[in-house]
Amino acid sequence: MCHRPATDHSKNLYLGLHLGVERFEAILIDADLQVRFTTVVRYDVDLPEYDTVLGVSRNAEPDEFQVSPVMYVKALDMLLNSLATLGADLHRVVAVAGAAHHYGTVFWSEMGFRRLCGLNSLSRLHEQLNEAAFVPVASPSWVVRSSIRQCYEMEEDVGGSMTMVKVTGSKCFGRLAGPQIRKLNEESPAEYERTVRISLMSSFLSSMLVGSIGSIDYSDGSGMNLLDIGRKTWSKSCLGACAPDLKERLMNPIASNRLQGRIADYFVDRWQFRSDCMVVSATGSSASMLSGLNLPENVLVLLLSTSDKLLMSFKERPQLDDGFVMCHPTNADGYIGLILFRNGSAVRESVCDQLANGDWTQFNEMLSSTPMGNNGNIEVRLDEMEYTPEAKGTLRWDAHIDEMSMEALHGRQQFEDLQTEARAVIEGQIMHRCVVALDAGFKIQKDTKIIALGKSSRNPQILQIVADVFNAPVYTHDDPQITLLGAAYRARYAFYEYREANCNCQRCRIRRGRQPKLTYAQFFRHLPDKLRLAAVPTKGCEAIYNPLIDRCRNMCRVLAAGTNIDESRFRYE
């Protein structure tokens, strides 16, 4: 006879959490994947005592962008209190999963470790996990720039930047955990000695939920410059290049679908969670976004925001010399390709200000009044040092410039009219994204889809250019909470994987028959389609843009060749 007390799971709830840079969010979905409750804590507004601007401490030293972990601790309590106030029955929650921003490191003290393992429901969470729980009190945040020297040194110690890419999936960046840990050990060895455990923001969230130090998952651990993503173990050479006795402080990484344990008694006693509520490994924000979309392989996600971003899924590991390769959160054998662009919406807004006085209606009319391909006029505009290529500057080519001529090195000073300039900048940006995606190994085929997200995804003229350049239909997503939904979906699948499909008693085996356990993609194959078709490629676009994309690639190379080598230090930011 089955030892499970009930087989009716229709009243279950699944909790998704997202610890973001500027806010902490929660969502509750039911067994039908319908959203029942959502709530949010905004650090700048709801926690003014921590004096943050965009989630980062206002009083940090130059290049030392920091945040207090205690702020996140207090925000979690506030979040659950808000859900309870809204009327959510937290006793019906059977599984919790989380996501967190990638670029932060938490250093636990011995006192913090002990307090975490003995949380008292009579006191609030932040009263127990206070400043004494962490070493140092302030943790590095995602925009930290002060560990650039450690990036150079780590890459040199392991045999160069390409060796680092081959092992960990990316070059060193100052905002990643590895360089941050090395910096602490070099500059404050006593504080490093006092550190008993080290968490990413995602495993920090898991730790709070289970009342013990949570393990780092493969996917978020891929962005540390420490994990051998092929073997899914800590790289000995990278650990050695980072800090002594680091492996025991990190503990062993685990698969992203693994359970961290059951929810801590603190949440059972204080918020009436059920004692057998499962806590799934929290992962990074980008991985959670892909979990929320549950996309097939031949789909490219283009985030058009402050910093543009490309997200791609691969069955086999790609070679991204200037991006990030991460283990896939829901496909054990798959990988994610993540490429960041510093020159995103700031460039688009700047050119709109210059050409149309900030009037987007007028700017869109300029885009509409010019032909596809802009008569061969292309502008690559990199106001900030770009990641790929490592370049800065502006280069304009018209159809008459010979790529092999000296004239190509400097290009045109300006185009003939404002309309041409407007389309040249936007098309140049989108062609640059296409070049990088193609060079990363993404194949544009007949069934390829582009999913556009972010602020600029609401601009129909920009989306039409995306569709024409990529020669693929462009979709937008109706739900802005994709990352948060991804966490909730992972909680729902974990309950299926570990409870519904995992009982081997005779009654459950008879009920299941010979049906194999469903994969994550199969389980959510009937997920409501929230994609909205926004643009389709114009007939003849491929013949126009293919040669222009090649010219754009060469323009990027020219800019990179002319960039001052001293400025390439910004690659490590």
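Helix H14 meets helix H20 through Ser285, Ser288, Met289, Ser291, Gly292 and Leu293 on the H14 side and Ile482, Thr483, Leu485, Gly486, Ala487, Tyr489 and Arg490 on the H20 side; contact here means heavy atoms within 4.5 Å. By class, this contact has six nonpolar, six polar and one charged residues, where Ala, Val, Leu, Ile, Met, Phe, Trp, Tyr, Cys and Pro count as nonpolar, Asp, Glu, Lys and Arg as charged, and the others, Gly among them, as polar. The model is predicted, with pLDDT of at least 70 needed for local features and 80 or more for side-chain atom pairs, while totals for chains, interfaces and linings use all residues. Residues are numbered from 1 along each chain as its sequence is written, and side-chain values use heavy atoms, with hydrogens and water left out.

How do the two helices cross? The axes of H14 (residues 285-293) and H20 (residues 482-500) come within 7 Å and cross at roughly 75 degrees. That makes H14 roughly perpendicular to H20, a label that covers angles of 65 to 115 degrees. Axes are lines fitted to C-alpha atoms, for helices over the stretch in contact, and angles run from 0 to 180 degrees between N-to-C directions. Helices (H or I, at least four residues) and strands (E, at least two) are DSSP runs, numbered from the N terminus.

Next comes the sheet. Seven strands make up an open sheet with mixed pairing, in the order S18-S19-S17-S16-S22-S23-S24; two strands pair if DSSP finds at least two bridges between them. At the edges sit S18 (324-327) and S24 (531-535), each pairing on one side only. Strand S16 (residues 299-303) is mostly covered, with five of its five residues buried, that is, under 20% relative accessible area (1.4 Å probe, protein chains only). Val299, Val301 and Leu303 point one way from S16, and Leu300 and Leu302 the other way.

S16 pairs with S22 (residues 449-453) in the parallel sense over five bridges, and Leu302 has Ala452 as its bridge partner there. With S17 (residues 308-314), S16 pairs in the antiparallel sense over four bridges, and a hairpin of four residues joins the two.

Helix H23 (residues 541-561) has 21 residues and reaches 30 Å from its first C-alpha to its last, close to the 30 Å expected at 1.5 Å a residue; the expected span is 1.5 Å times one less than the number of residues. Its buried residues, including Tyr545 and Leu548, pack against S20, S21, H17, H18 and H19.

Terms used:
Angles under 35 degrees count as roughly parallel, over 145 as roughly antiparallel, 65 to 115 as roughly perpendicular and the rest as oblique. Buried means under 20% relative accessible area, exposed over 50%, partly exposed in between (1.4 Å probe, protein chains only).
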